[in-house]
Amino acid sequence: MKIHEYQAKEMFANYGLPVDKSTVCRTVEDAVKAYNQLDSQRVIVKAQVHTGGRGKAGGVKLANDEIELRRHAAAILGMDIKGFTVDRILIGEAVNIDKEYYVSYVIDRSSKSTILMLSKEGGMDIEEVARTTPEMIYKFVIDPSIGVPDYLAREAAFRLFDDISLVRQAAVIFQKLYKLFVETDASLAEINPLVLTKEGAIMAIDAKMTFDDNALYRHPKIAALNEPTEEEKKEQSAKSKGFSYVHLGGEIGCMVNGAGLAMATMDMIKLYGGNPANFLDIGGSSNPTKVIEAMKLLLSDRNVRVVLINIFGGITRCDDVASGLLEAFRQIKTEIPIVIRLTGTNEKEGRALLQGTQFHVAETMGEATEKAVALTR
Amino acid sequence: MSILIDKKSRLVVQGITGRDGGFHASKMKAYGTNIVGGTSPGKAGELVDNIPVFNTVRDVVKETEADTSVIFVPAPFAKDAMMEAADAGIKLIVCITEGVPTLDVVEAYSYITRKGARLIGPNCPGLISPGRSMVGIMPTMIFREGSTGVISRSGTLTYEVVYNLTEKGMGQSTAVGVGGDPVVGLYYRELLEMFENDPGTDSIALIGEIGGDAEERAAEYIRDHVTKPVAVFIAGQQAPPGKQMGHAGAIISSGSGTAAEKIAAFEAVGVPVAKEPSQIPGLLKSRR
């Protein structure tokens with residue numbers, strides 16, 4: 001789950017991390033009010049949206065006076081950045097930057113640990129740095145049983161700074177950021193850039209945090225910050241019914257049990273010359289209520305012209321799945337052709353139950369996909 | 001032969017009095033898995049399908065010399081269950097539970113490793129050595145004894161591949177579902193090494209999916225260390241970037257972790273990649 005920069009900065013401030021002074025605003029008038037309360041003449045106006053590349057899109061501007069501030073605030077509020085409409089801007093004091101650095105904590109799959117990532121190449125797209133000059137990124141694997149002790153924080157800080165007083169400042173920042181990362185079950189806590197000001201202070205002038213969805217149950221205050229897009233709302237409502245759903249835009253709706261098999265089904269549709277409308281994993285069991293809900297979800301997509309149901313009957317036997325499907329389709333009325341492929345335990349009995357019904361029955365994934373693609377033509 | 005589990009494995013079922021724990025304990029027992037006990041705090045002395053229930057894993061180990069555990073407790077309690085098993089001296093811990101917070105897994109994994117134990121999962125279907133033992137939730141009827149090792153990040157897709165193998169007369173030595181989360185225990189590298197060293201395994205099917213770079217690293221490991229034939233299937237070629245495809249770990253982030261990159265990595269080291277799951281048996285046979 002993502003949050004906005006201003007929300008992340010509030011968390012930073014609560015953990016004693018130095019951040020630039022800023023105020024979030026929803027209108028131009030609010031922005032002017034915020035501007036007048038700041039000590040600085042020069043301010044930065046930043047769009048608050050759940051996507052990167054704000055700067056390139058024109059969503060970050062420097063204002064030297066109130067007139068410029070009004071102009072930028074008016075331009076950025078309501079702006080569209082990669083499909084997100086800007087409804088909030090952050091007005092912050094412009095900082096005299098001497099140098100910019102990159103700092104983040106992130107979960108690393110291969111070491112199965114949290115890692116601290118640092119670079120002197122701050123303010124840039126870190127993935128770009130990782131691709132072109134990986135030697136410019138320093139990584140420290142964190143042992144969860146000891147966290148980030150003083151010596152480790154210092155060792156890390158020495159990679160960025162030579163001056164011991166700066167090293168001490170940075171080390172404390174690394175420790176506080178780790179505490180925040182762990183205590184909020186984050187999957188990313190990123191400062192890009194962390195800056196050294198001309199006055200010799202180190203502070204975060206941007207803040208990015210994402211959180212582990214599996215852990216939100218123990219962080220209700222963070223969960224309350226969730227702002228799903230329309231598409232995400234559909235996905236979340238599917239999740240609450242026990243499905244995983246992702247919209248893709250093709251014409252063949254898929255209903256599959258299991259995430260891996262669902263992905264493989266999408267791939268097969270493409271391989272056989274069709275286009276999958278969605279990814280839909282209905283989970284382990286396939287009882288009639290679940291199938292009905294899943295069909296409603298698929299049929300709410302106007303582009304769907306054929307539905308392909310691919311079920312592997314493991315612990316739930318194929319004959320039970322078939323009866324469930326028949327039961328479900330007694331309640332769903334649709335003109336859309338449905339291809340069903342059942343394999344696994346008691347598959348022959350399952351397929352026999354479906355013979356002579358409105359369904360197109362297939363034995364293999366290849367056969368099912370071919371039929372589904374042919375039916376769209 | 002097999003890896004990780006066989007007839008001698010002595011299994012404890014953590015969370016045996018729960019709905020899933022009880023159901024799958026019976027299934028495992030019916031298959032012939034040697035279940036020596038279950039745990040549920042406060043329910044010692046009860047029986048589930050004639051399996052004795054204990055309060056703690058330590059009690060089960062003391063009474064029965066259990067060496068393997070399978071966890072069915074709800075996600076908020078999974079970290080504790082994994083650490084309890086490791087602390088009691090269990091050597092192989094299989095966590096089926098879905099939705100465990102990532103930092104809980106990071107912490108538990110670190111503890112388990114220090115205790116000298118191994119973890120499979122979480123969010124996995126477990127593992128099976130056909131004809132000997134099944135630890136987890138695998139549909140046993142599709143498996144046959146044989147000599148193909150199977151490693152997979154997925155559940156039903158594994159069954160799809162196994163089903164195709166069995167149909168073509170290729171039984172399995174051991175099939176392991178490593179789990180679909182970003183951080184899980186044993187992975188490709190460790191399992192490839194075990195299968196390579198297992199005299200009962202003569203070929204390996206590897207089923208990967210989008211997200212992370214474990215497949216790329218597996219390809220390098222195969223090039224340097226694996227002499228047995230390997231065939232691969234990668235799911236998620238049509239997955240859009242930034243979207244989680246069911247499994248928490250199945251996500252293409254910042255353009256990396258794509259199926260195309262993984263397929264290219266295997267092809268670059270001469271490992272054939274199946275276009276559909278049904279091609280795996282043929283690809284393995286042609287190389288055996």
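The following legends describe several close-up views of a predicted model.

**View 1. Chain B as a whole.**
Chain B contains nine helices and 13 strands. Its radius of gyration is 18 Å, close to the 19 Å that the globule rule gives for 288 residues, so chain B is as compact as a globular protein of that length. Along its principal axes, the C-alpha trace of chain B spans about 55 × 40 × 30 Å. Of the 288 residues in chain B, 60% are buried.

**View 2. The side of chain B that touches chain A.**
Here 46 residues of chain B are in contact with 44 residues of chain A. On the chain B side, the elements that contribute two or more residues are α4 (102-114), α5 (156-167) and α7 (214-225), and the largest share, six residues, comes from α4(B).

**View 3**

**View 4**
An α-helix has 3.6 residues a turn, so residues three or four places apart point the same way. In helix α8 of chain B, residues 259-268, the buried residues are Ala259(B), Lys262(B), Ile263(B), Ala265(B) and Phe266(B). They cover an arc of only 160° around the axis, which puts them on the same side of α8(B). On the other side of α8(B), Ala260(B) and Ala268(B) are exposed. What do the buried residues of α8(B) pack against? Their packing partners are β12 (203-209), α7 and β13 (230-235) of chain B. α8(B) is followed by Gly270(B), which has a positive phi near 80°.

**View 3. The nonpolar cores and the surroundings of Ile93 of chain B.**
The largest nonpolar core has 151 residues, and those with the most contacts inside it are Leu280(A), Ile71(B), Met82(B) and Ile93(B). The largest share of this core, eight residues, comes from helix α9 of chain A, residues 259-271. Apart from this core lies another, of 41 residues, which includes Leu160(A), Val195(A), Leu196(A) and Met203(A). Leaving aside its neighbours within four places in sequence, Ile93(B) is in contact with several residues, among them Ile71(B), Met82(B), Ala85(B), Ile112(B) and Leu119(B).

Strand β7 of chain A, residues 97-108, and strand β8 of chain A, residues 113-119, run antiparallel and are joined by seven bridges, with Val106(A) standing opposite Ile115(A) in β8(A). These two strands form a hairpin with four residues between them, in which Lys112(A) takes a positive phi near 55°. β8(A) is also joined by six bridges to strand β9 of chain A, residues 137-142, again in an antiparallel arrangement, and here Thr114(A) stands opposite Ile142(A).

**View 4. Asn303 of chain A in its loop.**
Asn303(A) lies in the loop between α10 (288-299) and β16 (306-313) of chain A. How many C-beta neighbours does Asn303(A) have inside 10 Å? There are 14, and Asn303(A) therefore counts as partly exposed. Although Asn303(A) and Ala277(A) are 26 residues apart in sequence, their C-alpha atoms are 7.4 Å apart in space. Neighbours within four places in sequence left aside, Asn303(A) is in contact with Gly249(A), Glu251(A) and Ala277(A).

Notes
Residues numbered from 1 in each chain as written. Chains lettered and ligands numbered in written order. Predicted model: local features only at pLDDT ≥ 70, side-chain atom pairs only at ≥ 80, totals over all residues. Contact = placed C-beta atoms within 7 Å. Buried ≥ 20, exposed ≤ 12 C-beta atoms within 10 Å, placed from the backbone. Arc of directions from axis to C-beta. Core = buried A, V, L, I, M, F, W, Y, C linked by C-beta atoms within 7 Å. Rg over C-alpha atoms; globule rule 2.2 N^0.38 Å. Pairing = 2+ DSSP bridges.
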